[in-house]
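The sequence and structure come first.

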Amino acid sequence: MDIDLSPQLAKKVYGGNGGSYYAWSPSELPMLREGNIGAGKLALEKNGFALPRYSDSSKVAYVLQGSGVAGILLPESEEKVIAIKKGDALALPFGVVTWWFNKEEPELVVLFLGDTSKGHKAGEFTDFFLTGSNGIFTGFSTEFVGRAWDLEEKDVKTLVGKQTGKGIVKLDENINLPQPKQEHRKDMALNCLEAPLDVDIKNGGRVVVLNTKNLPLVGEVGLGADLVRLDGKAMCSPGFSCDSALQVTYIVRGSGRVQVVGVDGRKVLETTLKAGNLFIVPRFFVVSKIGDPEGMEWFSIITTPNPIFTHMAGSSSVWKALSPSVLQASFNVDAGVEQLFRSKRTSDAIFFPPPN
């Protein structure tokens with residue numbers, strides 16, 4: 001596969017005094033188009049309001065910074081108003097209408113990763129705004145709007161003419177949007193920083209996995225996700241997705257090194273990852289990371305709701321399962337070297353602390 005896997009930063013698409021929306025472009029990160037994956041980031045300033053919209057793609061949203069309120073309207077359902085904060089993950093299936101509001105924080109930042117296989121453009125989200133200068137009302141004639149909502153022409157002109165913002169606006173301090181309800185969070189959001197750990201290795205790292213058990217809506221979205229926190233100088237074991245899933249990774253904080261090995265044993269990526277980078281590991285390619293001294297944290301989606309990974313080191317690796325004679329023949333080494341190789345990693349772990 002001759003395709004550029006280099007990590008990329010998002011670029012601003014639109015915005016104003018209420019905030020901005022950023023996205024990763026398939027022209028700069030070709031694996032987005034190749035894997036039918038979209039990636040974007042919403043940054044709302046204080047009193048910033050992301051107008052109601054729906055998308056052509058199912059997504060997982062992850063709150064990178066700050067706190068605020070999200071409005072979510074599933075098809076033929078009541079509006080859910082949810083308090084959101086750093087670490088929250090939300091699954092957004094097709095047909096969901098959402099709005100986002102930052103009441104108090106200097107900045108609220110939400111990451112969106114999702115599947116564009118049914119979208120208008122491979123590797124890009126297309127949002128359809130209900131209101132605003134590019135909302136659906138601006139496209140219909142006054143006659144159609146008037147007849148659909150039983151309004152007089154002067155009222156239609158007022159309704160449409162008042163919509164001057166595009167996508168994001170800044171609200172007046174006195175405007176009161178609906179208050180969030182705790183019961184609305186059930187099955188809609190999971191805080192990855194507070195959830196029980198699926199993996200916890202001392203001086204190595206920690207993992208929280210999102211799947212159909214702890215966030216049922218990921219089944220409708222068709223994506224799994226995880227939050228990984230790698231300690232300083234620790235290593236994430238080489239591994240690959242054995243169910244043909246792509247892994248899309250956003251670096252939340254810190255930095256570290258990554259290597260990816262693909263077809264014919266070729267190293268297709270070796271670089272340093274930094275906060276804000278997005279990169280994609282193709283199907284069946286083997287990836288490994290080593291954190292810098294400050295460690296590294298990343299949020300990933302996997303293109304299946306219940307992913308299965310095979311790790312190449314540790315007690316549960318493929319090497320431990322293969323017969324000693326098979327390893328000797330495969331590596332063309334004697335029994336002593338084979339035993340040394342097999343005995344060095346006995347812990348059942350995907351994270352390896354730094355050497356003493």
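How many of the five residues of strand 9 (residues 97–101) are buried? Five of its five residues are buried, so to speak of strand 9 as mostly covered is in keeping with the cut-offs: buried means under 20% relative accessible area, exposed over 50%, and partly exposed in between, with a 1.4 Å probe and protein chains only. The model is predicted: local features need pLDDT of at least 70 and side-chain atom pairs count only at pLDDT 80 or more, while totals for chains, interfaces and linings use all residues. Residues are numbered from 1 along each chain as its sequence is written, and side-chain values use heavy atoms, with hydrogens and water left out.

**Overall fold**

The protein chain has seven helices and 23 strands; helices (H or I, at least four residues) and strands (E, at least two) are DSSP runs numbered from the N terminus. Its C-alpha trace spans about 90 × 40 × 35 Å along the principal axes. Of the 356 residues in the protein chain, 48% are buried. A contact means heavy atoms within 4.5 Å. Among contacts in the protein chain between residues at least 6 apart in sequence, 74% join residues at least 24 apart.

Strands count as paired if DSSP finds at least two bridges between them.

| Partner | Bridges to strand 9 | Direction |
|---|---|---|
| Strand 4 (residues 48–55) | Three bridges | Antiparallel |
| Strand 6 (residues 67–73) | Five bridges | Antiparallel |

Alanine 50 stands opposite tryptophan 100 in strand 9, and valine 69 stands opposite phenylalanine 101 in strand 9.

**Nonpolar cores**

A nonpolar core is a set of buried Ala, Val, Leu, Ile, Met, Phe, Trp, Tyr and Cys residues joined through side-chain atoms within 4.5 Å. The largest has 81 residues, and those with the most contacts inside it are Trp100, Leu278, Phe299 and Ile301. Apart from it lies another core, of eight residues, among them Val69, Val81, Trp99 and Phe101. In soluble globular proteins, nonpolar side chains tend to be buried together. Not counting residues up to four places away in sequence, phenylalanine 299 touches residues including Val60, Tyr62, Leu111, Cys192, Val248 and Tyr250.

**Cysteines**

With a disulfide taken as a pair of cysteine sulfur atoms within 2.5 Å, the count comes to zero. Cysteine 192 is in no disulfide; the nearest cysteine sulfur, that of cysteine 236, is 16 Å away. Cysteine 192 is buried, with a relative accessible area of 0%, and cysteine 236 is buried at 11%.

**Cavities and a pocket**

On a 1 Å grid over the protein atoms alone, a cavity is a set of points where a 1.4 Å probe fits but cannot get out, and a pocket is an open set with protein on both sides within 12 Å along at least five of seven lines; lining residues have an atom within 4 Å of a point. Grid points are joined across faces, edges and corners, and a volume is the space filled by probe spheres set on the points.

There are two cavities of 30 Å³ or more. The largest cavity has a volume of about 160 Å³, and of its 16 lining residues Ser55, Lys59, Leu92, Thr98 and Asp127 are the closest to its centre. Strand 4 gives the most to this lining, with three residues.

The second largest pocket holds about 340 Å³ of space. Its lining has 18 residues, of which Val13, Tyr21, Glu124, Phe125 and Thr126 lie nearest its centre.
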